[in-house]
Amino acid sequence: MTRPHSPSETFAKRLSVIPAIIWAVLILVPLAYLFIIPFRTQQEYSANPLGIPAGLNFENYATAWNQGQLGTAFANTMAVTAVSVAAIIALSSAAAYALSRWRGRAGSRLFTVFALGLIVPFQLGLPTLYKMWAGAGLVDNLPGVILIQIGAGIPLAVFLYYGFLSGVPRELEEAAKIDGASDLRVFTSLVFPLLKPATATVAILSTITVWNDLIVSLYFLQSKANQTLPKATIGFQSTFNNDVPVFFACAVLSLVPVLIAFIALQKFVLSGLTAGALRS
Amino acid sequence: MTSYSLPTRRRFALGERATRTLFIVPALAIFTIVMLVPVAMNAGYAFTDWNGFTQDFGWVGLANFAHIGADVATRTAFVNTLVFTAINAPLQILIGLILALSLRSTSRFIVGVRLIVVMPIAVSGVVLGFIGTIIFDPRTGILAALAESTGLEFIGANWLGDPKLAMAAVIAMNLWQWSGFTMLIFLAGLTSIPEELYEAAQLDGASRWQQFSQITWPLLSPAATINIVLTLIGGLKIFDVVYVLTGGGPGDATRTVVMRVVTQGATSNYGYSASISVTLTILTMIVALVALAVLRRREARNS
């Protein structure tokens with residue numbers, strides 16, 4: 001018989017962390033090299049690819065930034081990400097709210113239509129979408145790409161919000177309505193603030209997807225003025241195909257902002273998933 | 001329902017319906033234009049010989065679908081995709097579950113380890129390709145260096161260049177990136193299990209294994225359902241990881257269905273490419289719906 005928190009129990013608990021620590025090391029080692037390699041020169045890298053840098057040499061970052069015209073790519077990626085994510089949050093939270101509070105079956109039926117978007121591989125519609133966008137003059141055009149990112153991001157966001165909303169009690173909303181508040185007002189000042197964990201989850205997951213997107217920008221953005229970070233990184237790799245430290249510098253620059261956003265918001269993701277994904 | 005009989009209430013309900021429709025319309029419209037319409041039109045082209053460029057095309061009935069069975073490259077792509085899914089899904093669930101169970105407490109150290117484990121989620125496909133090089137490159141990679149220092153030559157194999165090993169490397173990279181996400185969903189499930197259940201079980205003298213099999217595992221079923229469905233769908237749709245690591249090669253060794261669709265669509269076989277994507281979509285829906293039905297029944301038994 002084991003008493004709760006007996007010494008052997010605590011010891012067993014400590015031991016159970018070992019697999020997770022091993023996994024964390026497997027994650028960290030290659031990531032660490034991604035960050036270390038750009039601090040070394042091409043000569044050092046060729047002599048010993050996995051060596052430790054002699055010092056903090058930012059030359060490769062400077063080369064990547066200047067030669068790759070990363071400034072434009074950064075500005076484009078940031079604009080596309082900010083607008084898309086804001087729109088995904090606004091449109092999906094409103095839609096999920098209306099769907100979850102709809103009387104009768106129509107709400108849950110329509111929710112199934114949105115959920116269908118999670119099953120169908122999005123890439124498969126791209127060639128047809130390209131023809132539609134070309135006809136509408138939306139190719140090689142940042143708003144055109146933003147529209148695609150919003151449409152592609154809506155299913156997951158509606159799914160998470162809908163699940164989260166099923167756990168939000170309706171009494172407060174009913175009370176506010178009896179006091180004469182409009183539906184719009186109930187949503188914006190009462191319900192939306194309650195959705196914060198779901199919003200954080202949607203924000204971080206869609207920021208990652210949009211920021212990291214390669215396939216949509218490969219298809220829809222041709223000119224250099226409109227290029228995004230992942231596309232710039234790929235283009236950079238083919239120009240500097242022998243200078244590994246330089247294009248790794250480019251990769252690190254594109255990764256750092258989204259990694260920071262992720263680290264800042266990740267603690268909300270767990271509560272957002274707890275109340276969201278598990279209820280839908 | 002009785003409230004509908006009150007006249008004031010009825011007027012309110014009508015206005016409510018109109019506002020709520022307005023809440024739904026923008027999201028539904030953009031989603032429909034960007035996803036539903038192209039996918040539906042794509043399904044229509046599956047029955048034509050359209051090359052993707054010209055104005056005119058002819059209807060060919062089921063000829064494109066019949067060709068799928070005869071086309072070795074497409075068949076290989078389906079086999080590869082199924083192999084990937086069948087191996088990746090159980091491993092991802094198992095690793096995610098082990099991680100969630102061992103990182104269940106909320107001490108500062110544990111939360112720090114959790115953060116490391118979920119970090120790869122933020123890595124883009126392009127950067128993942130670079131990380132693949134760091135690990136697997138037979139000249140500059142970590143595994144090559146390990147092989148040299150330990151003398152275990154097989155570790156330093158040409159993982160991404162050998163048709164027999166490439167799929168294993170692709171699966172390993174996919175697990176590297178996504179096991180943390182599976183863990184998050186299991187953790188979300190674990191936090192909803194009341195602590196009192198364990199306390200009661202411990203008072204009854206239940207072993208750790210009994211606590212897991214009698215409390216944790218049954219009560220994790222909603223999280224397990226989501227993880228199983230997500231890994232199955234994700235496996236059948238797999239594209240990015242393979243594209244950046246091997247480009248489908250060497251030869252056709254890691255070519256997946258979505259890659260086959262994309263390449264065929266770009267080479268004047270638009271109608272044929274569409275028929276492959278329709279087949280994949282139907283297959284994915286069947287797998288997802290069957291899995292959901294089976295798992296929901298299991299959940300109902302457990303609750």
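Q: Which residue forms a salt bridge with B:Arg20?
A: A:Asp183 does. The closest N and O atoms are 3.7 Å apart. Keep in mind that this is a predicted model.

Q: How many salt bridges are there across the interface of chain B and chain A?
A: The rule finds 1.

Q: And how many residue pairs are in polar contact there?
A: The count is 6 between chain B and chain A, with both residues at pLDDT 80 or more.

Q: Which helix gives the most to the side of chain B that touches chain A?
A: Helix α1 of chain B, residues 7-45. It gives 24 residues.

Q: What kinds of residues make up that side of chain B?
A: It divides into 62 nonpolar, 16 polar and 10 charged residues.

Q: How many residues are in contact overall?
A: 88 residues of chain B are in contact with 91 of chain A.

Q: What area do the two chains bury between them?
A: About 8,000 Å², with 78% of it on carbon and sulfur atoms. In chain B, B:Arg20, B:Phe23 and B:Phe130 lose the most area to chain A. Together they make up 10% of what that side buries.

Q: New topic. Where does UniProt list "transmembrane region" in chain B?
A: The unreviewed entry lists several stretches, among them residues 21-41 and 82-103.

Q: What is the chain like over residues 21-41 of chain B, helix or strand?
A: It is 100% helix and 0% strand. The end C-alpha atoms are 26 Å apart.

Q: And over residues 82-103 of chain B?
A: There the chain is 95% helix and 0% strand, and the end C-alpha atoms are 31 Å apart.

Notes: Residues numbered from 1 in each chain as written. Chains lettered and ligands numbered in written order. Predicted model: local features only at pLDDT ≥ 70, side-chain atom pairs only at ≥ 80, totals over all residues. Heavy atoms only, no water. Contact = heavy atoms within 4.5 Å. Buried area = accessible area lost by both parts, 1.4 Å probe. Salt bridge = Lys/Arg side-chain N within 4 Å of Asp/Glu carboxyl O. Polar contact = N/O pair within 3.5 Å; in protein donor to acceptor, adjacent residues only side chain to side chain. Helix = DSSP H or I, 4+ residues; strand = E, 2+ residues; numbered from the N terminus. Nonpolar A, V, L, I, M, F, W, Y, C, P; charged D, E, K, R; others polar. UniProt positions renumbered as here; feature names shortened; annotations may be inferred.
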